[in-house]
Amino acid sequence: MGASLAVAVPGQASAAARVDNPYTGATPYVNPDWSAKAAAEPGGGAVANEPSFVWMDRIAAIGGTPGARGLRAHLDTAVSQGADLFQVVIYNLPGRDCAALASNGELGPTELGRYKSDYIDPIADILADPAYASLRIVTLIEPDSLPNLVTNAGGTAGSTPECATMKANGNYEKGVGYALHTLGAIPNVYNYVDAAHHGWLGWDSNFVPAAAQFKKAATTEGATVSDVHGFIVNTANYSALKEPHFKVTDSVNGTTVRQSRWVDWNYYVDELSFAQALRTELVRQGFAADLGMLVDTARNGWGGASRPTGPGPLTSVDAYVDGGRTDRRIHAGNWCNQSGAGIGERPTAAPEPGIDAYVWAKPPGESDGSSRPVDNDEGKGFDRMCDPTYTGNGRNGYNLTGALPDSPVAGHWFSAQFRELLRNANPPLGGGNAG
């Protein structure tokens, strides 16, 4: 049984030496900025005290922006709360998120020097302050970067010129390596690198190459594999933690589940099996034998009335999979403000072998991107994958996006989505592993 993160005794963490699992026995920080927004929604009090990651998604976020405190203020608040675990997303690479305009960043493809001097170095200076030595600081390193070099930079249907540029100039690898090396030098920092999700890297053509790509970045710009404490999967995504009603090894009338439209020859059907298998491959590639994995479960619960209660019919492999899958997306490549999604497992330490924790990396209620163009000063563009009328591209098999309408810019509060996530929570709110 996983231990709820929110009931641990304060003061157990120490910066004297890194522990195997920073989540075990820890009292995590609850972000008051997010908590207040959650508590203001009907029923939001049920989750308002859950811990989640703080996002440093631009240089200005370090010092604080209107309505959101800066990094030092968050850390000071964590200390005053009596927390001993703080979670932060490092997210501002040059040419950021080359395959999704909604989460483009402020730095151009060649601005590696500014990334180092104006972003990583100031963050490192704050995290290294002795005032925060009692905190175990978990850093989530650069979502949606290295996996794009594997899948979206090589001329396939999902490739983009922007990803080809970042693969050619090496600035994703250099930026990640610099972040790992610089932050990893701080004794109480635990670096976890983003590793996408099973619906992105689960094919044999991507799985081992992705692990090799992670190893390359982790040995660039002075970094070594010892600067990597672990990896995180499903960051800000919706892939189901476990699919209870079918396995990848199942067959229907002689046709394997892998041949279904939904699975599409993938070797994994959920995030837990993918995370555990990826961990094994990463260790084989040279990462530490005690490598830990995190899974973002903030929005992958898929509960509510549409959640299947058993396997689909055996009339065909597609009927079997579509009738039994809990992930109700139109396509596994859909990632923006997904209709029908629900809050998943509450943040939990050591829930499964090889898994350090289930975490809420993407705080529920924060938009993935705007459903129409919106002027902003955050460097975030408009991506048609956030438009519910868009009929798709090569990355989602030219399907409808499944996105909710009337969404705001990425990272801004999206009340309608938050309320839907509450309604569709699985485990249901008030039961399961609620903290």
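The legends below describe close-up views of a predicted model.

Local features need pLDDT of at least 70 and side-chain atom pairs count only at pLDDT 80 or more, while totals for chains, interfaces and linings use all residues. Residues are numbered from 1 along each chain as its sequence is written, and side-chain values use heavy atoms, with hydrogens and water left out.

**View 1. Strand E6 and its two partners.**
Strand E6 covers residues 136-141. Helices (H or I, at least four residues) and strands (E, at least two) are DSSP runs, numbered from the N terminus. Six of the six residues of E6 are buried, so the strand is largely enclosed by the rest of the structure. Buried means under 20% relative accessible area, exposed over 50%, and partly exposed in between (1.4 Å probe, protein chains only). In a regular strand the side chains alternate between the two faces of the sheet. Here Arg136, Val138 and Leu140 are buried on one side, and Ile137, Thr139 and Ile141 are buried on the other. Strand E5 (residues 85-90) runs parallel to E6, with six bridges joining them. Strands pair if DSSP finds at least two bridges between them. Leu85 stands opposite Arg136. From E5 the chain passes through helix H4 (residues 112-127) to E6, a right-handed β-α-β crossover. Right-handed means that, with the strands pointing away from the viewer, the path from the first strand over the helix to the second runs clockwise. E6 also pairs with strand E7 (residues 189-194), in the parallel sense over five bridges. Leu140 stands opposite Tyr192 in that pair.

**View 2**
Strand E8 spans residues 230-233. Gly230 and Ile232 point one way, Phe231 and Val233 the other way, and all are buried. E7 and E8 run parallel and are joined by three bridges. Tyr192 stands opposite Gly230. E8 pairs with E11 in the parallel sense over four bridges. Met293 in E11 is the bridge partner of Phe231.

**View 3. The nonpolar cores.**
In soluble globular proteins, nonpolar side chains tend to be buried together. A nonpolar core is a set of buried Ala, Val, Leu, Ile, Met, Phe, Trp, Tyr and Cys residues joined through side-chain atoms within 4.5 Å. The largest one has 70 residues, and Phe86 and Phe231 have the most contacts inside it. H4 gives the most to this core, with eight residues. A second, separate core has 17 residues, including Trp55, Val89, Val138 and Val359. Contact means heavy atoms within 4.5 Å.

**View 4**
Strand E13 covers residues 355-359. Five of the five residues are buried, so E13 is largely enclosed by the rest of the structure. Strand E11 (residues 292-296) pairs with E13 in the parallel sense over four bridges. Asp296 stands opposite Val359. Strand E12 (residues 348-352) pairs with E13 in the antiparallel sense over three bridges. Glu352 stands opposite Ile355. The hairpin of E12 and E13 has two residues between the strands, and Gly354 takes a positive phi near 80° there.

**View 5. Arg279, a buried charge.**
Arg279 lies in helix H10 (residues 271-284). Arg279 is buried yet has no salt bridge. A salt bridge is a side-chain nitrogen of Lys or Arg within 4 Å of a carboxyl oxygen of Asp or Glu. The nearest side chain of opposite charge, Asp290, is 6.4 Å away. For charge, Lys and Arg count as positive and Asp and Glu as negative; His and the chain ends are not counted. Not counting residues up to four places away in sequence, Arg279 touches Ala289, Asp290, Leu291, Met293 and Gly354.

**View 6. Asn266 in its loop.**
Asn266 is found in the loop between strand E10 (255-256) and H10. At 2% relative accessibility, Asn266 counts as buried. Leaving aside neighbours within four places in sequence, Asn266 is in contact with His198, Gly199, Gly202, Trp203, Val248 and Arg258.

**View 7. Backbone details.**
The peptide bond from Asn426 to Pro427 is cis, with omega near 5°. Pro427 sits in the segment after helix H12 (415-423). Asp144, in the loop between E6 and helix H5 (146-151), has a positive phi of about 60° although it is not a glycine. Tyr398 also has a positive phi of about 60°. Tyr398 lies in the loop between E13 and H12 and, at 57% relative accessibility, counts as exposed.
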